[in-house]
Amino acid sequence: MDESTAELTDLYHEHYSGLLRMAVLLVDDGSAAEDVVQDAFMRVFDSRARLRDRDKALAFLRRTVLNKSRSLLRRRQVSRKYQHRLVQRESGPDESVHGVDRTVLADAIARLPPRQREAVVLRYYADFSEAYTAKIMKVTPGAVKAYCSRGVSRLSSLLRERV
Amino acid sequence: MTESDTAAPDGSSDEQLVRNGLHALVADVEPSATALPRVLAGRRRRSGARTVLGVTGAVAATTAALLLTLVFVVDRSPPTVPTGTAPDSYVTQLADGTLVSVMLETGEVRHEFGRPDTDVTALARGEEHVYAATADGGVLRMGTDATVRRMRGVVPGGEVTAIDTSDGRLAVASGNRVSLVSGNTTRRITLPAGLVVRDLALDRSGRLALVVRDRTSSEPPTLRVIPAGGDSAARLDTFEVGCGPLRTAWTSTGLAVLRPDECAVTEAVRITTIDPTTGSRIGGGVHLRLDRPIGATDDIRVSTDATDRMLVSTTTGNMWLVDGTGVGSVTGHCASRRDCASIPPVM
């Protein structure tokens, strides 16, 4: 096994699941999320610098997943085929998470404006700092703070509406 | 700057509600079983394409300079080689008790999964975790971050007699009972009293293959298959297994069955692939001569990877990799019994 394959395999084992879950929250479709993360992993070692530096590789993966998720949502809107797949799921008997129906929660997340959704997922799912979230989203930390504040407020009210 | 250079969001009940909700919403999202092979195959294609682009550019520049050179750019893309979800490695227990994954080719330790505080009797390998059945009748789940979690309520009886995992599911056998664990759900299957499950294999759909022995009879073990979602085991009668199967594992084409080549000669085994619905033989399989006779089912193990390669491993530390009709001896950490514990490694 060559060096890049070994590095890629290690990266996969350490971060693939987390990135996949982040992508699912960003695009609300498991198979599309898998495609997004697969593509990011295939590109990660195009640069020798990233091959040598694990932090750079991971930062690249996160940025790529975010950018490709954005592109995917944009394409869906343009083609007018955008559908909230999670919203279409029917609630089963085990669909309750912490007292909130999964479908309601997925619906609420999907209804957030894109930037608020990204900020909320990066801050509250991935647990990134404001500064790091801002770097990945290419906005200012103040903007991240505002997105999160509005996103959480909106999510809470949407959840309360539906619960 | 790192991802945690400022405090994580804290505090308000709304934030906590959102945080809990997001985590719970994707808690059961797992990569597909083919995710890693696809990444590696895509990486190889990409690397090959870049090589071709570079070569083409250089040749074009030379052509422009010389004006007279005729160039044929040969596609140098390497063939796509399928790779297992745990590419080229197996899991074993070192002599000091640490569970590790070891590279097949080099014998180099790739990951350490930690050291159980009790004797391990059998191993099963998932995509992200290793499961270890313990002598005290439990099952441990161990991760690459060396976290060890004791799984509660999954062992249907006392001693674990067989264990396997596939696509996020875990199957554990104890005596005549089998537990099938998927997420937070555990389904129990009970075979008739007197039967003992000596080995089991779980495929991606949730289908189970069992090697079952009847304690009340001198008959050789039999193969049984439980369809996904089913709760009864249908015996596969049409396949003549002679002295009975020892071990079994799923492949993409059927069910690989490891059995003694002749009932009286237990240092030679054969792996045959059979159709799990009819029991008919798909492939005659390969013959293996072991370094010493097999005394019991626990002395040998067969496991497969996503590319249908099979690893035949023994408690002596010797292993063979079966790839199609080719058989190669695996060297490395477990080439000597001194290096590894007496549990057959799994791929």
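User: How many helices and strands does chain A have?
Analyst: This is a predicted model, in which local features need pLDDT of at least 70 and side-chain atom pairs count only at pLDDT 80 or more, while totals for chains, interfaces and linings use all residues. Residues are numbered from 1 along each chain as its sequence is written, chains are lettered from A and ligands numbered from 1 in the order in which they are written, and side-chain values use heavy atoms, with hydrogens and water left out. Helices (H or I, at least four residues) and strands (E, at least two) are DSSP runs, numbered from the N terminus. Along the sequence the pattern is α-α-α-α-α-β-β-α-α-α-α, and chain A has 9 helices and 2 strands.

User: What percentage of the residues of chain A count as buried?
Analyst: Buried means under 20% relative accessible area, exposed over 50%, and partly exposed in between (1.4 Å probe, protein chains only). Chain A has 163 residues, and the buried share is 55%.

User: How many residues of helix α6 of chain A are buried?
Analyst: Helix α6(A) covers residues 102-110 and is mostly covered. The buried residues include A:Arg102 and A:Asp107 as well as A:Leu105 and A:Ile109. The count is 9 of 9.

User: At what angle do the axes of α1 and α2 of chain A cross?
Analyst: Axes are lines fitted to C-alpha atoms, for helices over the stretch in contact, and angles run from 0 to 180 degrees between N-to-C directions. Helix α1(A) spans residues 3-27 and helix α2(A) residues 30-43; their axes come within 8 Å and cross at roughly 140°.

User: Why is α1(A) called oblique to α2(A)?
Analyst: Angles under 35 degrees count as roughly parallel, over 145 as roughly antiparallel, 65 to 115 as roughly perpendicular and the rest as oblique. The axes cross at roughly 140°. That angle makes the pair oblique.

User: Where is B:Thr314 found, and which backbone oxygen does its side chain reach?
Analyst: B:Thr314 lies in strand β21 of chain B, residues 310-314. The residue is buried, at a relative accessible area of 3%. Its side chain comes to 3.1 Å from the backbone oxygen of B:Asn318.

User: How far apart in space are B:Ala209 and B:Arg247?
Analyst: B:Ala209 belongs to strand β13 of chain B, residues 208-214, and is buried, with a relative accessible area of 0%. In sequence, B:Ala209 and B:Arg247 are 38 residues apart; in space, C-alpha to C-alpha, the separation is 9.9 Å.

Notes. A polar contact is a pair of N or O atoms within 3.5 Å; within protein, one must be able to donate a hydrogen and the other to accept it, and residues adjacent in sequence count only if both atoms are side-chain atoms.
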